[in-house]
Amino acid sequence: MSRVLARFSALIFAVWLVVFPVVTSASTISARIRISVCGNTITEWDEECDVTDLNGQSCQSQGFGGGTLSCDPSCSFDTSLCTTSSGSVGGGATGGGGGGATTVPVVTQVTFSGRAYPLSKVVVLKDGQVAVSTIAGPDARFEVSLTGLATGNYAFGIYGEDATGLHSALFSFPVYITNGATTRVSGIFIAPTISADKSEVKRGDNIAIFGRTAPNSEVTLAVNSENELFYSVNADATGAYLYTLNTAVLEAGSHSTQAKSALEEEASPFGKTVGFVVGTKNVTALPDVVGVKGDVNGDGKVNLVDFSIVAYWYQRELSAEFRVVEKEQLNGDGKVNLVDFSIMAYHWSG
């Protein structure tokens, strides 16, 4: 049953991508993640083997003369019982010199890896609560693990915080955790942060759109106008990008923009939306303020992500962390019920 549920979690995310595809203007690169479970006896995309599933491999295929190939708890080949052509035992991933394999403790954990911004903070939420955080490397890559989990379904979310304090949109997905297995969620590409230097811009003047993303990635900006417009700019070696938009091409009125990135055949989804007005004067933008009622994940929108987080706490005792969220973003009575859902419905942005 656990194998079926693990596959079902991956299928849910795959269906989500089909319904809401994220495609760059220049190609068909899609934002996607890969979920594999080490310990479910199914060799998946980033594993050499999995328990008894050796993926059709043998000692001979690994360059030995014979012997018995096995799989270690990290889903890598163990060649400690393989033999050379002369009959001696070969060293392996978990043993060597004929001394036998070393037992590696089996733990239940989930590991997240992907791209964010150079030296940025990456935060992982579990069922709407902060579970763990890490700092991305200078190349924007990150990896962080979460242990001590019970078997079951979880709603995880990840966001990045850049050097200026701006948060990305929350990247959310369901995962089924299997007891005694390591679940790997890889290929995560956190959407760029985004901001603008003006909240209103005189038509014909420039507005600067900027933020942080993975170094040297291609950033696509979508400007929602009467006709949606797309612009492209490359991030520099620090992950910073800047696009100066001449508003002569935009009609007077309200507009919005959002960004996504692509690098090495991988792409992020579109991130947060920033609004601005094309009018008769220039008004400097104020710092971002999160204050939309019902926006429990803080991405500036009220949608299915917020609904799934709140639904988890429906008629349950709230944790100390979520009590703060419920007080600020819902009706503040210390519980989640239909009143809270009606607040979300009123502020729903989709």
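The largest nonpolar core has 24 residues, and F112, F156, F173, V185 and I188 touch the most other members. Six strands each supply at least two residues of this core: β6, β7 (121-126), β9, β10 (152-161), β11 (171-177) and β12. The largest share, four residues, comes from β11. The model is predicted.

**The mixed sheet**

Four strands form an open sheet in the order β1-β12-β6-β9, with mixed pairing. β1 (34-38) and β9 (141-147) stand at the edges. Each has a single partner strand, so one side of each is left without a neighbour in the sheet. On average, neighbouring strands here are turned by 15 degrees against each other, direction ignored.

Strands of a sheet pair through backbone hydrogen bonds, either parallel or antiparallel. This sheet has examples of both senses. Strand β6 (residues 109-115) runs parallel to strand β12 (residues 182-189), and six bridges join them. Q109 has T182 of β12 as its bridge partner. G114 stands opposite I188, also in β12. Towards β9, strand β6 pairs in the antiparallel sense over seven bridges. There T111 stands opposite S145.

How many residues of β6 are buried? The count is seven of the seven, so β6 is largely enclosed by the rest of the structure. In a regular strand the side chains alternate between the two faces of the sheet. Both faces of β6 are covered. Q109, T111, S113 and R115 are buried on one side. V110, F112 and G114 are buried on the other.

**The antiparallel sheet**

A further open sheet of four strands has the order β8-β7-β10-β11, and its pairing is antiparallel. The edge strands are β8 (129-135) and β11, each pairing on one side only. Neighbouring strands in this sheet are turned by 25 degrees against each other on average, direction ignored. Seven bridges join β10 and β11. Here G157 stands opposite S172 of β11.

**Salt bridges**

The whole structure holds six salt bridges. Three of them are listed here.

| Pair | Closest N to O distance |
|---|---|
| E47 and R184 | 3.9 Å |
| E266 and R115 | 3.2 Å |

The bridge between E266 and R115 joins strand β20 (residues 266-267) to strand β6. The pair therefore ties together parts that are 151 residues apart in sequence. R115 is buried, with a relative accessible area of 4%. E266 is partly exposed at 24% relative accessibility. Both belong to a network of salt bridges that links R115, R141, E264 and E266.

E47 and R184 also link distant parts of the chain, 137 residues apart. E47 sits in the loop between β1 and β2 (66-67), while R184 belongs to strand β12. Is E47 buried or exposed? E47 is buried, with a relative accessible area of 6%. R184 counts as partly exposed at 22% relative accessibility.

In the remaining listed pair, K198 is buried, with a relative accessible area of 16%. D197 is partly exposed at 28%.

**A surface patch**

L304, F307 and W348 make a nonpolar surface patch of about 320 Å². F307 lies in helix α2 (residues 304-312). With 38% relative accessibility, F307 counts as partly exposed.

Key. Residues are numbered from 1 along each chain as its sequence is written. This is a predicted model: local features need pLDDT of at least 70, side-chain atom pairs count only at pLDDT 80 or more; totals for chains, interfaces and linings use all residues. Side-chain values use heavy atoms; hydrogens and water are left out. Two strands pair if DSSP finds at least two bridges between them. Axes are lines fitted to C-alpha atoms, for helices over the stretch in contact, and angles run from 0 to 180 degrees between N-to-C directions. Buried means under 20% relative accessible area, exposed over 50%, partly exposed in between (1.4 Å probe, protein chains only). Patches are made of residues with over 30% relative accessible area and no salt bridge: like charges are joined within 9 Å, nonpolar side chains (Val, Leu, Ile, Met, Phe, Trp, Tyr) within 5 Å. Accessible areas come from the Shrake-Rupley method with a 1.4 Å probe; for residues, only the protein chains shown count as cover. A salt bridge is a side-chain nitrogen of Lys or Arg within 4 Å of a carboxyl oxygen of Asp or Glu. A nonpolar core is a set of buried Ala, Val, Leu, Ile, Met, Phe, Trp, Tyr and Cys residues joined through side-chain atoms within 4.5 Å.
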